[in-house]
Amino acid sequence: MILSYVALFSSFFMGPLFWIVFPLALALSIVVSALVAYKVRAVIALKRIEALSEALEELRHDRRDKGRG
């Protein structure tokens, strides 16, 4: 029983299907990981922009308050 699994496993790696499926799966995983990294960077940049805009808004309010008082 175990030998049949070993034979099936080794024939899969030696067969032409492996050499078609493996590069496609590898390319797909690279593309997906690049897209995820791009999305994560975009979210981080958006959070930084939001934090900077909030800080700028607070600075504007502080300047208005100093001008009045």
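User: What should I know about the model before we start?
Analyst: It's a predicted model, where local features need pLDDT of at least 70, side-chain atom pairs count only at pLDDT 80 or more, and totals for chains, interfaces and linings use all residues. Numbering runs from 1 along each chain as its sequence is written, and side-chain values use heavy atoms, with hydrogens and water left out.

User: Why is the contact of Glu57 and Arg60 called a salt bridge?
Analyst: The term asks for a side-chain nitrogen of Lys or Arg within 4 Å of a carboxyl oxygen of Asp or Glu. Glu57 and Arg60 come in at 3.9 Å, N to O, so the pair qualifies. The structure holds one salt bridge.

User: How are Glu57 and Arg60 placed along helix 2?
Analyst: They sit three residues apart, so about one helical turn separates them. Helices here are DSSP runs (H or I, at least four residues), numbered from the N terminus.

User: Why is Arg60 called partly exposed?
Analyst: Buried means under 20% relative accessible area and exposed means over 50%, with partly exposed in between (1.4 Å probe, protein chains only). Arg60 has 45%, so it counts as partly exposed. Glu57, at 34%, is partly exposed too.

User: What makes Leu28, Val32, Val36, Val40 and Ile44 a nonpolar surface patch?
Analyst: Patch residues need over 30% relative accessible area and no salt bridge, and nonpolar side chains (Val, Leu, Ile, Met, Phe, Trp, Tyr) are joined within 5 Å. Ile44, one of the five, has 42%, so it clears the accessibility cut-off. The patch covers about 430 Å², and Ile44 lies in helix 2.

Definitions and conventions: Patch = residues over 30% accessible without salt bridge, like charges linked within 9 Å, V, L, I, M, F, W, Y side chains within 5 Å. Areas by Shrake-Rupley, 256 points an atom, 1.4 Å probe, with all protein chains shown as cover. Helix = DSSP H or I, 4+ residues; strand = E, 2+ residues; numbered from the N terminus.
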